[in-house]
Amino acid sequence: DLDAVLAFGGTAFSDAGLQWPREVALALEVGRGRLAGFEARQITTRLKFDASGIAVERISVADFGNAKIEASGRIVTTATPGGNITVDLDAREMQGVIALAEKFAPAFADPLKHVAARQKTATLRANLSLENTGPGRAVGRIALNGRVGAVRVRLTTEATGKPEAFAIADLGGLISTDLRLEGQLEADESQVLLGFIGLDRFTADRRPGRLSIAANGPLNRELRVDGRLSAGPVEAEGKGTLRTAGPEPARLEFSQMSGTVGGAKAQGRIAFVFGDPVRVDGAIETESLDASALIAASVGLPASRGRAGAAPAWGIEPFAPKTSDLSGRIEIKAQRAAISSTLTAQQVRGVMRFGPSEVVFDDVVGDLAKGKLEGRLAFVSNPGGLTANGRVALSGADAALLVGSAIAGRVALQAEVEGAGLSPAAFIGSLAGKGTVTLTDARIASLNPRVFDAVIRAVDLGIPTDTNRIRDFVTTALDNGQLAVTRAEAAVTINVGQARFRNVTVGASGADLGLIASVNLTDETLDAMLTLSGMQTVGTGIRPTLSIALKGPLAAPKRTLDASALASWLALRSVEQQSKRLDAMEQAQRETTPPPASAVTVDPASTTSGVVPVEQAPPLPPPVTILPAPRPLSAPRNPPRADAAAPRPARNPAPASEPPPSPPPQPSWPLDLLGAQN
């Protein structure tokens, strides 16, 4: 148990007031041992060090926490220093190496933890050398090459000072040397490289990435640092300082940083404090920012989601894990921020706060569509997926810039929404919230309120009133005008990924407009029904109506017109108008036909009293008696003789028959028309 041996030795030397030996010769052959809490197998150690230097015949550990270690070489630190030692590390896991660093080199423990959290394996070769460069001057070098996971590492460190500063027995003298460091990290995918340094939360780009860094200065003061990062859409370089001395955690600060993000110029500052956890504090100003891509990368959404022209496709694969050991805040300012493929906000500023499992976009303000935008978004990653909540407020926005030229006016919106899900599809389907939307001083294209007057005139001029002909005529007439809306307001309810508009009220001029609409957030489609009603009436107040359906992608829904109700109204109007014409003709007939002379009776007294004579109806004709037709006489069997006596007259002769009555008069023209119409 090497841990117990080292603990006993440390206690013994401290209690006895002894110093650690300055000359050591050590040879160990251990089949199985325990060191730094990990089990080690096949340990071989043969080394010697004293004031003249260190000689490592062999250090070998066949298995230490799934890592293999080999070292050999010799370094002389006398008046003519020189030599080198080579150390090889082949680790399938980094936990044992981290444990060794915590026990013997605590300054390297936190960086190693940071690396191991993202890259589990490492194959590295370190070469330590010392060279005499002149009288009283020596240079110590550490060259590190290899791979840490998928990241290729090349690092060279040089320390220049007096030879005694490199004494193996007292490495504290290195603090007085001048340090020069040059390093480069490369990866085939930018997100892997950014993950290596803890910034993978902010991009998911798969293009190659490279980080170069150079530092120089005294170790006991601040080092001057130059850095350059090329990672997908990010090209940045900066100048700053690295402070490692003192009781406070090491701090790397780039006070002058500039470059491009997605092709847009950016500048600002950023600082890293290497504590537990690593803290970041910075401020970035940029000409242009893809806000949707930044949010998508922060929550683990594929970068292709939301690109212009891409079909909506919320995947069912779980969110990519976005836990990080970084925490801090970055102030963001952008002259332009792309919210979607069609919406861009201006003069946007806000604060991005983040922790190991959360990211919050707070105090977001800007100008959107010439209106005022305010909002907040918070995301938390947990074993159950992604949880989010947010709010947005928009006032005085230009509707034409928001939804296109079809609507002109001012829009105000307030909404709150929240959701949770293991995958993007589940998250979108879980969204729930509420809000209100208001439209004022607006004009809506392709909703001509005079369409009803136009179709009425066309019908009066003879256009057929069948539904298809009316629909074709109305389709053209609708596009020739706009509906003026003084104010429209609706409540928005979001549930199971559906946004529905309820309690819609519209104040319009020349026509009334009704609306029933819903937006499917999962596939970004619109399903709306608009009802346009004219001001004309027939019958008991029946008004003409048109139904307009909008279905399909939210950006370009398909319009379908239903004119059946309008055709029925036109038919009813035709019947009503014909009935009025018939009434008018009958009235005109009565007014133009003079009454018979006998039908007027004048009271002689009225002529002297000034009373207007009263028209009286003509007297009815006398009743007419219609007798049955006489029965025809049968012919005699024997013709009468010429000498036969004449028949005697009847005892009661029948009265002389009257002529048959004349047929009743035929109906005049109006009655003919009624008869023709049955």
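Threonine 86 touches Glu70, Ala71, Ser72, Arg125, Ala126 and Asn127, leaving aside residues up to four places away in sequence. These contacts come from a predicted model.

**Threonine 86**
- Threonine 86 is found in strand β5, which covers residues 82-91.
- The relative accessible area of threonine 86 is 18%; buried means under 20%, so threonine 86 counts as buried.
- One of the residues that threonine 86 touches is Asn127, and the side chains of threonine 86 and asparagine 127 are joined by a polar contact of 3.2 Å.

**The hairpin of β1 and β2**
- Strand β1 (residues 24-35) pairs with strand β2 (residues 38-50) in the antiparallel sense, over 11 bridges.
- Opposite alanine 25 stands lysine 48, in β2.
- The hairpin has 2 residues between the strands, and alanine 36 takes a positive phi near 55 degrees there.

**Aromatic pairs**
- A search of the whole structure finds 2 aromatic pairs.
- In the pair of phenylalanine 319 and phenylalanine 427, the ring centres are 6.4 Å apart and the planes lie at 80 degrees. Planes over 60 degrees apart count as edge-to-face, so this pair is edge-to-face.
- This pair links distant parts of the chain, with its two residues 108 residues apart. Phenylalanine 319 is in the loop between α5 (291-299) and β16 (326-338), while phenylalanine 427 is in helix α7 (residues 424-430).
- Phenylalanine 319 and phenylalanine 427 are both buried.

Conventions: Residues numbered from 1 in each chain as written. Predicted model: local features only at pLDDT ≥ 70, side-chain atom pairs only at ≥ 80, totals over all residues. Heavy atoms only, no water. Helix = DSSP H or I, 4+ residues; strand = E, 2+ residues; numbered from the N terminus. Buried < 20%, exposed > 50% of the residue type's maximum accessible area, 1.4 Å probe, protein only. Polar contact = N/O pair within 3.5 Å; in protein donor to acceptor, adjacent residues only side chain to side chain. Contact = heavy atoms within 4.5 Å. Pairing = 2+ DSSP bridges. Phe/Tyr/Trp six-rings, centres within 6.5 Å; stacked < 30°, edge-to-face > 60°.
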